[in-house]
Amino acid sequence: MSARDWRIGVAGLGTVGTGLLTFLSERPHFAPAGGKARVTGVSARSRTRPRPFDISNLPWFDDPVALAQSDEVDLFVELIGGSDGPAKAAVEAALRAGKPVVTANKALIAEHGAELAALAEAHEVPLLFEAAVMGGTPAVKMVREAMVGDDLTSIAGILNGTCNFILSEMESGGRAFEDVLAEAQRLGYAEADPTMDVGGFDAAHKITILAALAFGCAPNFAAAEVEGVDQVELLDIRMAKDLGYRIKLIASAERGEQGVTVGVHPTLVPLNHPLAQAGGALNALFIEGERLGRVFLQGAGAGAAPTAAAVAADIADVMTCASRPVFQKPAGELVRFRPGDRSRNVVRAYLRLLVKDEPGVIAAVSETLAEAGVSIESFLQKPVEDAQGVPIVLTTHAVSEAVLAAAVERIAGHPAVIEQPRLMRIART
Ligand SMILES: NC(=O)c1ccc[n+]([C@@H]2O[C@H](COP(=O)([O-])OP(=O)(O)OC[C@H]3O[C@@H](n4cnc5c(N)ncnc54)[C@H](OP(=O)(O)O)[C@@H]3O)[C@@H](O)[C@H]2O)c1
């Protein structure tokens, strides 16, 4: 182990960046390989903006690319965010200058991971991103390092704390999505523009990264099927609960014979399942391997201190010269995984209809499903005071997604069906 000191440049001084500066200043003895870590340059948009950490004594760079290239920086930490723009330019500049890079940026890694891995490999430097998935909870190291002796088959979990908070609050407080989202924004759990979170894209970035690590392939964000929580209604949360389920935004990646299927969907999870128990802003993840079976991880997925701890763990890897290929294989061998054939996916499903209160509707729905070969597992009809019609909910036995989608399309065209049917998967247990 080398006892050299490391000069660190930190670009981005928001939640995570100032969290990291605080971490390093409170731990002057942070020296995983004997040498010290010293911040020798910082960059953000505004030099004068008040921050929870005093940066007046740290060398300032207006341009994060200049910081990445500075002779005073040995290790570059990117905490700006965004898949392109200054974050990408600065990371590329650091790698080209032969400097190790640590980032928390899931969008950057999910969308440009393969080309950045090639750049890192060409310059023989590490590119690390533990904080990009599950914040402080070590999902990346678990998949990339600890479970590398197994052949992983699937990963599924809750990877977005904002969505989990929103769904938990909708259920516990009986409140509508918009109402809880506004509160999440007030509390700082949700961004002013919440699209990345509530639209499911943030979770999709994270599961794309885990899929690449788990299955040794290039991240393929474009192949992820993405659905957010913005369409989840309180009515569905109540109905699901009556049936013994809780709705969670589940990100999943599965290796099959056809290829790899990656998606993010609101999903019904049995109430006693560990993923249903992870409430508030928690993140939780199942990783399944052929030898080990299932491993369950749960913890903080965001926040200054937990996320900074994950960034510090990557800095420690650089300082101890820990080295692995970015995505399990040499970059030249990485190919994007072949997306699995979704039409062959077999799922159990939840279907909620809002229908006119008239005779024969239930029979028509049951008949359409039976004709299509969809077998009903349970059925619930419950008058709801503030609903426009009568909600009918049913769950199905396992059925191909393509068959189910076709049957639901036919049901949607029935004159007694008031609004577009709501279809959600039921989690595999
Ligand atoms: N927040 C979390 O809990 C969390 C958890 C896991 C991963 N992450 C990831 O960590 C990264 C940072 O997140 P964050 O929450 O800390 O973001 P943030 O609070 O919005 O901070 C972003 C920082 O980037 C700076 N910045 C923006 N444009 C810049 C530019 N052109 N040049 C230099 N600096 C620029 C901003 O400068 P100003 O301050 O001057 O505006 C700000 O300091 C993101 O990739 C995010 O996805 C965050």
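**Domains, a helix pair and an exposed loop residue**

The protein divides into domain 1 (6–132 + 307–333), domain 2 (139–300) and domain 3 (345–426), with bounds from an automatic or database domain assignment. The model is predicted: local features need pLDDT of at least 70, side-chain atom pairs count only at pLDDT 80 or more, and totals for chains, interfaces and linings use all residues. Residues are numbered from 1 along each chain as its sequence is written, and side-chain values use heavy atoms, leaving out hydrogens and water.

Taken over C-alpha atoms, the centres of domain 1 and domain 3 are 50 Å apart.

Turn to a helix pair. Helix 13 (residues 361–372) packs against helix 14 (residues 401–412) at an angle of about 150°, and their axes are 9 Å apart. Helix 13 is therefore roughly antiparallel to helix 14 (an angle over 145 degrees, on a scale from 0 to 180 between N-to-C directions). The crossing is right-handed, meaning that the near helix is turned clockwise from the far one by less than a right angle.

Which residues make the contact? Helix 13 supplies Val365, Thr368, Leu369, Glu371 and Ala372. Helix 14 supplies Val403, Ala407, Arg410 and Ile411. Contact here means heavy atoms within 4.5 Å. By class, the residues of this contact are six nonpolar, one polar and two charged.

Beyond helix 14 comes a loop. Gln420 lies in it, between helix 14 and strand 17 (422–426). Gln420 is exposed, at 59% relative accessible area; exposed means over 50%, with a 1.4 Å probe and protein chains only. Phe53 is 367 residues from Gln420 along the chain, and their C-alpha atoms are separated by 50 Å.

Notes. Helix = DSSP H or I, 4+ residues; strand = E, 2+ residues; numbered from the N terminus. Parallel < 35°, antiparallel > 145°, perpendicular 65-115°, else oblique. Nonpolar A, V, L, I, M, F, W, Y, C, P; charged D, E, K, R; others polar. Buried < 20%, exposed > 50% of the residue type's maximum accessible area, 1.4 Å probe, protein only.
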